[in-house]
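This briefing covers selected features of one structure, grouped by topic. Please read it alongside the sequence and the coordinates.

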Amino acid sequence: MKEALNFVSNMSKYHFNSIEAKWQKYWAAHQTFQAKNHSSNPKYYVLDMFPYPSGAGLHVGHPLGYIASDIYARYKRHKGFNVLHPQGYDSFGLPAEQYAIQTGQHPRKTTEENIARYREQLDKIGFSFDWSREVRTSDPAYYKWTQWIFIQLFESWYDKTLDKARPIDDLIALFAAEGNREVQAVCDEDVVQFSAEQWQSFSFEEQQKILLQYRLTYLAETEVNWCPQLGTVLANDEIVNGVSERGGYAVVRKKMKQWSMRITAYAQRLLDGLDTIDWPQPLKDSQTNWIGRSKGATVRFKINNFDNYVEVFTTRPDTIFGVSFMTLAPEHDFVNLITTEAQKKAVQSYVEASAKRSERERMADVKTISGVFTGAFAEHPFTGALIPIWIGDYVLAGYGTGAVMAVPCGDQRDYDFAKHFNLPIPNIFEGIDISEEAYADKENTIIANSEFINGLGYAEATQKVIEALEAKNQGSGKINYRLRDAVFSRQRYWGEPFPVYYKSGLPQMIDAKHLPLTLPEVEKYLPTEDGEPPLGRADVWAWDTNKNEVVHNKLIDNEIVFPLELNTMPGWAGSSCYMFRYMDSKNNTEFASKEALQYWQKVDLYLGGSEHATGHLLYSRFWTKFMFDRGFFSVDEPVKKLINQGMILGESAFVHRIEGENTLVSKGQIEGRPVQPIHADVSMVNLQNELDIEAFKNWRPEFKDATFITETDGTFKVSREVEKMSKSKYNVVNPDDICEQYGADTLRMYEMFLGPLEQAKPWSTAGITGVHNFLKKLWKLYHSGSEDAFFVVEESASKDALKTLHKTIKKVEEDIENFSFNTSVSTFMIAVNELTAQKCNQREVLEPLAILIAPYAPHIAEELWNLLGHDTSISTVAFPKFDAKHLVESSKEYPVSFNGKMRFKLELSLDLSVSEIETAVMAHEKTQEQLQGRTPKKVIVVPGKIINIVG
């Protein structure tokens, strides 16, 4: 036996706090996780959806995805990859602005304080982030490039023929050469046709107005969600149950002049691209449904006694002879125009009520039937029959044309509307009874009572109707999308300023070389008294085109100095391309170098919440495709593989008050008493679910004099319930406390141990001790004796120890590749138990074991690696290789039975033949004892399984 390595550590016991602080300091000092933009190793890019730094800091639910991505990033380094694993902050946001409004403190100061808190918490958990590439969306050095991308969008148009974005100069050249009659472009619907000669005769202002109808970002009157209390426009995903997600304030629909992004140009490509990326199917389905592709026809109904036409989109042109009324969205432009005097009061009242409901609320409400007749009629394009025009809030102004042709016999919502308001329901389906409900099975439809399409099925009738509409110039075939252009303006202070000034009322871009345009100082962060956004309060907020700098507003003269845009960009602006900025985040001369973009390509693994499906993730795909079209990126999708981690739920605590009394009753004393549950702060409850009554009284002074009915042993027990972890439910667990009490490695492994990554799972602090005890047992495996000295020997390991090691290598590698991190933790526990029982202390096993566990528990792994005699980090040491030979059994412990009863066990080589096994067992002394000189009738041998001697 070789002499054992016997190192006595200064920290002989598992002092996790000092171990973790030591290695966190080491990683920072040595920039251990800094990625290089050039490497002979293959690249791998791991990214988390970067956090908004809230004032509350992190709770234990937040790090779940970060831990999972960190395990994978560390694993990939062990596998020889050059890993980019950056982190930053989505630091513009409404909470900091709301705090500024309440306190007067600049959002920048609040944000910086919150970031410092987040950074401290993240560092304590031991993430392998490359902090040298940190970005903050509120940093002018970063949002300079957000502004630059906005300018590129403004200077681009979408060519339908080439199916890509092109520079606006190309469009101007086309207009100058041939006008716009033959140009196939995505543009506004009301574009007027002109010739090359007419284009050249237009003034500069006229040309600019026309170009605004083609640009990929443009100004337009748009229906928006306006929140008066917050003083800003909200995106649909910022509204929950008809009120603002932040603050719960009322939201109304109104028209405002807003910047918008022409994301609709990319609708089909956004759909097609879903087939090329490895994303969860539910998330793909969310984007598919949000984009909402449908095939049908546009139909133009002339309004009786007006020269105007109402245009509708329908997926069922074959049912056009079943139209018995039309419904317009309450916000439709024609409502005021066509409403008769007799109906004006009712219509106006309905429009005002509808404006208080969000689009999502209206879409989700399928039970309420409401509407008002306008008093006007439309003319059927084929029969000339007069069709009453109603308004109803189930029709949305932003979807399709904001108008529907109602066919009650073929659509249940139209059917219910017609029944409710006693409108006619003509039957156009052969042999179908519609007395009870509409008939919507288009595949088995035979049309009747429909003139020239009688007797035809859906497909043939649809084609005939489209041909007839086109012949009458009252419609055409069309593919429609539910997706609408994205409103890009917010009436807030704390956001990216637009690099825009206005000359003769038309937007002009600040030259990119003068960026960033930084936020001005303002006295208050509220909208102005006359309703302008907070930037309207700035004194120095005008653009001098001679000096190319911001100057005082009083210098505005409409010749050299012009007013700047007062709105700021939405929250998703800074997050749409941030993953590409990380590739070259310190580059001051370009968004990122072509070399860096070409090397890193796209994110290989992205972790984040599914709630971003139709917000950040959709917009990011849109901007990436645009940047690809313009030659700035070499990829047209930002992310190769995406995982939505599940939520860690809180275990809320409840005390129970007897109804009508100031008496609180312990859980075990509730039976038979009418009680009302009240949240208690989980920090006041111990692991035995016992409430600290005095702490509760101090926290809730209204119960200072309450009576507390306790258990017979004097304790007061709370009840528990699993809910979303939230400050409002007082069930938040601070990861700092867990790191202090149990260590970051324990927190990391426990969060993985809770269950599959993608599933929601409840947090229970009571369960964390098991993982902590495992780490202490792992530490003990490398130590020996009463002095608890580090003790690892150089001699060869036993077969059993090598078997344990290699089955662990195999399982852990499979688990990490499949993102099954919870089962890896179980595997480690089994391995340590087996190696402890085997009294394994050989370097041959314990050294690779330290590498195996390093992605999960990096601090203890680094310390053990150092104690094993290494003076560099474990982080890039090659991952252990599985060798199947250690799992191949060379022998078998046979149960030896006599007349079916097992009497003893005998270990024999698996290489023995049946006759050799029989010879060996018959020669064994225990066999002779059982037989006592008798000759058996038969010896049954099943190789590798059993031996049975029949007497």
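**Cysteines**

Cysteine 187 is partly exposed, because its relative accessible area is 28%, a value between the 20% and 50% limits. The model is predicted.

- Cysteine 409 has a relative accessibility of 0%, so cysteine 409 counts as buried, the limit being under 20%.
- With a disulfide taken as two cysteine sulfur atoms within 2.5 Å, the count of disulfides is zero.

**Four-stranded sheet**

- Strands S8, S7, S11 and S19 form an open sheet in the order S8-S7-S11-S19, with antiparallel pairing.
- The edges are taken by strand S8 (232-234) and strand S19 (486-487); each has a single partner strand, so one side of each is left without a neighbour in the sheet.
- Strand S7 (residues 217-227) runs antiparallel to S8 and is joined to S8 by three bridges.
- Opposite tryptophan 226 stands valine 233, a residue of S8.

**Three-stranded sheet**

- An open sheet of three strands has the order S23-S22-S24, again with antiparallel pairing.
- Strand S23 (549-551) and strand S24 (561-563) are the edge strands, and each pairs on one side only.
- On average, neighbouring strands of this sheet are turned by 40° against each other, with direction ignored.
- Strand S22 (residues 542-544) and S23 are antiparallel and joined by three bridges.
- Aspartate 544 has glutamate 549, in S23, as its bridge partner.

**Helix H5**

- Helix H5 (residues 140-154) has 15 residues, which should span 21 Å at 1.5 Å a residue.
- Of the 15 residues of H5, 13 are buried, so the helix is largely enclosed by the rest of the structure.

**Nonpolar cores**

- In soluble globular proteins, nonpolar side chains tend to be buried together.
- The largest nonpolar core holds 93 residues, and Trp259, Phe488, Tyr606 and Trp623 are those with the most contacts inside it.
- H5 gives the most to this core, contributing nine residues.
- Apart from this core lies another, of 87 residues, which include Val792, Val812, Leu846 and Leu867.
- Neighbours within four places in sequence left aside, tyrosine 606 is in contact with residues including Leu47, Asp48, Met49, Tyr578, Met579 and His616. Also among the contacts of tyrosine 606 are Leu617, Val639, Lys641, Leu642 and Ile643.

Note on methods
Residues numbered from 1 in each chain as written. Predicted model: local features only at pLDDT ≥ 70, side-chain atom pairs only at ≥ 80, totals over all residues. Heavy atoms only, no water. Pairing = 2+ DSSP bridges. Helix = DSSP H or I, 4+ residues; strand = E, 2+ residues; numbered from the N terminus. Buried < 20%, exposed > 50% of the residue type's maximum accessible area, 1.4 Å probe, protein only. Expected span 1.5 Å × (residues − 1). Axes fitted to C-alpha atoms, helices over the stretch in contact; angles between N-to-C directions. Core = buried A, V, L, I, M, F, W, Y, C linked by side-chain atoms within 4.5 Å. Contact = heavy atoms within 4.5 Å.
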